[in-house]
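Here is a short report on one protein chain. Look at the sequence and the structure first, then read on.

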Amino acid sequence: MGDKTSADVTSPTIPTGSQWWREAVTYQLYIRSFADANGDGLGDVAGIRSHLEHLTTLGVDAVWINPWYPSPQADGGYDVADYRSVDPAFGTLDEGQQLIDEAHALGLKVMLDIVPNHTSDEHEWFRAALASPSGSPERDRYVFRRGQGPDGAAPPNNWRSVFGGPAWQRVTEPDGTPGEWYLHLFDTRQPDLNWSNREVRDEFLDVLRFWFDRGADGFRIDVAHGLVKDDALPDLVYTDESLLGATGFEGHPHWDLPGVHEIYREWRALADTYDPPKIFVAEAWVTDADRLSDYLRPDELHTAFDFDFVRSPWNADRLRATATASLAAHAKVGAPVVWVLSNHDITRHVTRFGRKQPEGEMPLFGAQGPVDVALGRRRARAALLLELALPGGVYLYQGEELGLEDIEDLPEEVLQDPTWQRSGHTERGRDGCRVPLPWAASGPSLGFGTGPGWLPAPSSWAELSVERQQDDPDSMLTLYRTALRLRRELPALGSGDGQPLRWLDLGADALGFTREPGFSCVINTGPAAVPIPDGEVLLASAPLDGVGVERRMVPADTAVWLRIS
Ligand code: TEU
């Protein structure tokens, strides 16, 4: 829905048109940590169903549910054993269907998560591959190779797993002898699929169809940049020890190869056979906005997360530069930018913004020194107003509406991210952003479930619980609700198709822009207050009074939305 009409403004649900994704605000449901209805410590489908009102009150348009398929959970469900069902720990396929239907009845679109780069080692295909000989069709669905050296005892090349350690695992052949190696860019329990194999391609088209036919409105594509590998398997020169967050570069042998695009053209053709068409959002870690826009050409994917925005420190110049580059690159292919600040893989942005800000890129993983959580929250409030005012779509990560920070001191014995094991206990991994949500100010897991959650929430989160925040006019939750309501009501906000934003010149420490009709957003990332352009203040991320005498000012680390003439 490029143009908002007055009907859209009063309608309780947003986009009904087939273009809804061009401006949707999507809420990421990390199912393991959202709400636990059966008291086993792990979130579940029933937990989501019991809290749908939270999402409608918040005012989002869609949800993205992280993998809910049967899985040994070696990587939080990104190790899928069966792509056509729901893990019993989360519920049943029927309950999944009910959730999709209930969400639709509330006007929410439902995005699922497809994991095409690898399966679980417990997937029937991988079991068959292990039981079959070298060179068999069963092995050809994965990337099996003979090792180097006379006995094949050395891995086929030097590639490393994203989670640490080598990216190859040697298998024992059915006759008991040491045999071939298989590729796993992630955990050993996540063997990479061979996308040169037509059977693999057809299987995933069929899996997409399975869920599309059950009402899924689209898919987030896991590791969208990773599916195709250079067959020659050349060694890589590693310059950065921190593999998490590694992106492709021209000529990289396993990230962002040109061959991936052909796969997405097939997916798009399938999605377009539905009415309304189904949609995709790519998780593609690539070098820059231009490379990302290749995934968004008209016959490929609809959207992709803008990780350049995530990597920007709290700095007006840098935020403006990255937003400008992303908007320009996306405009070339007619795709909306998808802004995002946090997800289940990276340090929550309250924590990132609460640190000393780097000169270069924002580190996305691991503890990085002292955190001023209050400052981080103040900046997170301002960052929200920035991303919601930019043209395009937005993904929110569960818990950011409560202002949750990363928990960097989880006890070692509770850590589950495979990074922790595979790095030889040097990298704690991503559990700190996956701590279960606090719904209530009391209880063994602050209302997440009836017992303890799979990761413990700090007692300080009682104050951040939904219960505490929902009626507090100054809370983060109230800011999210108000901002999302205004974003729906203001005709200037949303997709912005055909309505370019205009940057204001506010000096090095502030960024601001106008959008038609009659809207302006100003964000002060610096230490000193900056003057507000003329206009009526619609929303501010912090109180404006008391700063400046002659005219109102935007204080440090604050954003405002204005109605201008
Ligand atoms: O993440 C893909 C991925 O490449 C990330 O691990 C990435 O390297 C890092 O987070 C930032 O570069 C996806 C899922 O989001 C993640 O949870 C899974 O662990 C991973 O794929 C494997 O499926």
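A salt bridge is a side-chain nitrogen of Lys or Arg within 4 Å of a carboxyl oxygen of Asp or Glu. The model is predicted: local features need pLDDT of at least 70, side-chain atom pairs count only at pLDDT 80 or more, and totals for chains, interfaces and linings use all residues. Residues are numbered from 1 along each chain as its sequence is written, and side-chain values use heavy atoms, with hydrogens and water left out.

## Two domains

The protein chain is divided into domain 1 (17-118 + 198-476) and domain 2 (124-183). These bounds come from an automatic or database domain assignment. The C-alpha centres of domain 1 and domain 2 lie 31 Å apart.

How many residues of domain 1 are in contact with domain 2? There are 24 in domain 1, and they meet 16 residues of domain 2. Contact means heavy atoms within 4.5 Å. Domain 1 and domain 2 bury about 1800 Å² between them, with 57% of it on carbon and sulfur atoms. Buried area is the accessible area (1.4 Å probe) that two parts lose on being put together, summed over both. Two salt bridges are counted between domain 1 and domain 2.

## Salt bridges

The total count comes to 38 salt bridges.

| Glu-122 | Arg-189 | 2.7 Å |

Asp-192 lies in the loop between strand 6 and helix 8, and Lys-229 in the loop between strand 7 and helix 9, so the pair ties together parts that are 37 residues apart in sequence. Helices (H or I, at least four residues) and strands (E, at least two) are DSSP runs, numbered from the N terminus.

Are these two residues, Asp-192 and Lys-229, buried or exposed? Asp-192 is buried, at a relative accessible area of 0%. Lys-229 is buried too, at 13%. Buried means under 20% relative accessible area, exposed over 50%, and partly exposed in between (1.4 Å probe, protein chains only).

Glu-199 is partly exposed at 35%, whereas Arg-141 is buried at 13%.

Salt bridges can also join into a network: Asp-75, Asp-345, Asp-417, Arg-430 and Arg-434 are linked in this way.

## A sheet and a helix

Three strands form an open, antiparallel sheet in the order 4-6-5. Strand 4 (144-145) and strand 5 (168-172) are the edge strands, and each pairs on one side only. Two strands pair if DSSP finds at least two bridges between them. Strand 5 and strand 6 (residues 178-183) pair over four bridges. Here Trp-168 stands opposite Leu-183 in strand 6.

Helix 9 (residues 260-271) has twelve residues. The helix reaches 17 Å from its first C-alpha to its last, close to the 16 Å expected at 1.5 Å a residue. That expected span is 1.5 Å times one less than the number of residues. The buried residues of helix 9 include Ile-263, Tyr-264 and Trp-267. Among the elements that cover the buried residues of helix 9 are strand 3 (109-114) and helix 10 (289-294).
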